[in-house]
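Hi,

Here is the structure I promised to pass on. Have a look, and my notes follow below.

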Amino acid sequence: MFRAYLSTIIICSFFAVSCANKAGQQQEEAKQPNILFIMSDDHAYQAISAYQDHLINTPNIDRIAKEGMRFDNACVTNSICAPSRAVILTGKHSHINGKTDNHFPFDTSNVTFPQLFQQAGYQTAMFGKLHFGNAPKGFDEYKILPGQGAYYNPTFITKTEGKKDFPGYVTDIITDMTLNWLDKERKEDQPFMLMYLHKAPHREWLPAERHIAEYANKTFPEPASLFDDYEGRGTAAHTAEMNILEHMNWAGDSKIYPEVMDELGIPDASGWDHKAFNRERKRMTDEQKANWDKVYKPMNEAFKKNFPNMTREEKMKWRYQRYMQDYLGTIAAVDENVGRVLDYLDEHGLAENTLVVYTSDQGFYLGEHGWFDKRFAYNESFKTPLLMRWPKEIKAGTVRNEMVQNLDFAQTFLDAAGIDQPQDMQGESLMPLLTGNDQDWDRDAVYYHYYEYPSIHMVKRHYAIITQKYKLIHFYYDVDEWELYDREKDPQELTNQYNNPEYASVVESLKGQLDELRVKYKDSNELNQAYIDKYLKKVSEFRYNVKTGK
Ligand code: SGN
Ligand code: CA
């Protein structure tokens, strides 16, 4: 009797709860999702433990993958900062949106997806690094770093109060701004589109005070190609100025104090090495300087003793460790802060219907081929991390291998929000992949085009077609060279197969596909020439030829 009564109560209450749930769910379903777009600057997938955990653990960033989707084959269309951001905001390739390199300001007559969100009734905000040379359109609120911004006590351009200095560490500050907006300014009756954009881990890799010592004491595994001699590659790989030993700044990057450089007779070959060091140093408070010196002074003392007897190989190994210590040290703060934001969403019932994206403006070399920086269509700079969580639509713990691009973000977000996608955007919505309807996805190749040359790091102009199996690159301007890589057999991209007769038919067919892609995306040699002419008018005085390896 009691059992029957109990089960009646259970059944009744089950129905009551499930009915209420259903009604809630329907309401929830009708609601447009919030978009939280998290992007770091130069964050290599090799430094996210959801991808690889040999360098660092990033438990908070990994949560997005665990509770959502990891893309293993996400890439950019042009591996450099401001152009990547322009592609993301416009959904158009660089040659169409006009932002081909870091030197020219963004053309604000472009339509960007945040403007469309704002018009559609979303509340919009941006905090952190934009790097456009002008203010973003379509935001109810923004606080952005001027240019690259600073790590310590940075200046921000604010929407309402002009330029303002903020005390503290940049990654914490950008997060405080983001959380403060969510907490104090977010309107409950409007969905939001929030861009939370870190400066870290951009060069010159200044970790937060709390992470300097921890990371400066770690030793990291070296990549297999640290001592690459670029044999089997073309001219561009040989002439690029991205080598950790040859082209890093001793002061700015490796944190060798200018006076120690002078004492050891290491020249300031770039002419701005000392300046770069002092630029951040002079922003620090005395306390920050003292914390910095606690770690880097003893490191400099040891270096002073060892340097005269170090071989080139030892110097390279030492510089690689220094690089990783500081680069990864800055990521520790990014991960902690991403955790704070994810916790906020949880605590305020926002997790379920918010599409959270974690990505980087491009990939980065962490010693592969002896390099730092990016720019090349080669793997580490071409590939970018991409994680997405949206519990309402994305099955937790899924991994996708389709070739997706930063070009696709604008249309994906518009599609997710049910806002019309402009016909002239050039990407594709990732919604079929997010929701498991992959039969609606048929992309088999992507297009890449890098422009900024001659400029810092001296990576030659090139365009490329990339399929799951192959990568065909054309370097042009002051060379005319083709490279072909077999992505499956040679994932490290050490052997150019372009002249190997066994690949002749592959080359021929890829060239045909490349022509088609260029037509599809409206790129052409004429357009190229116009960009070269425009660039040379402004940038002809740039001539970087920095050798600081010693
Ligand atoms: C700075 C860096 C370069 C970097 C560019 C572009 N030098 O010039 O190493 O390639 O930014 O980076 S630094 O010594 O000033 O840090 S990007 O991410 O903005 O494209
Ligand atoms: Ca960048």
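Let's start with a pair of facing residues: V446 sits opposite I466 of β14. V446 belongs to strand β13 (residues 446-450), which runs antiparallel to β14 and is joined to it by 5 bridges. Strands here are DSSP runs of E with at least two residues, numbered from the N terminus, and two strands pair if DSSP finds at least two bridges between them.

Before I go on, a word on the ground rules: this is a predicted model, where local features need pLDDT of at least 70 and side-chain atom pairs count only at pLDDT 80 or more, while totals for chains, interfaces and linings use all residues. Residues are numbered from 1 along each chain as its sequence is written, chains are lettered from A and ligands numbered from 1 in the order written, and side-chain values use heavy atoms, leaving out hydrogens and water.

β14 also pairs with strand β15 (residues 470-475), again antiparallel and with 5 bridges. H462 has F475 as its bridge partner in β15, and the two strands make a hairpin with 3 residues between them.

How many residues of β14 (residues 462-466) are buried? It's 5 of the 5, so the strand is largely enclosed by the rest of the structure. Buried means under 20% relative accessible area (1.4 Å probe, protein chains only). H462, A464 and I466 cover one side, with Y463 and I465 on the other.

Elsewhere, E402 lies in the loop between β11 (398-400) and β12 (404-405). E402 is buried too, at 17% relative accessible area.

Cheers

Technical notes
Helix = DSSP H or I, 4+ residues; strand = E, 2+ residues; numbered from the N terminus. Buried < 20%, exposed > 50% of the residue type's maximum accessible area, 1.4 Å probe, protein only.
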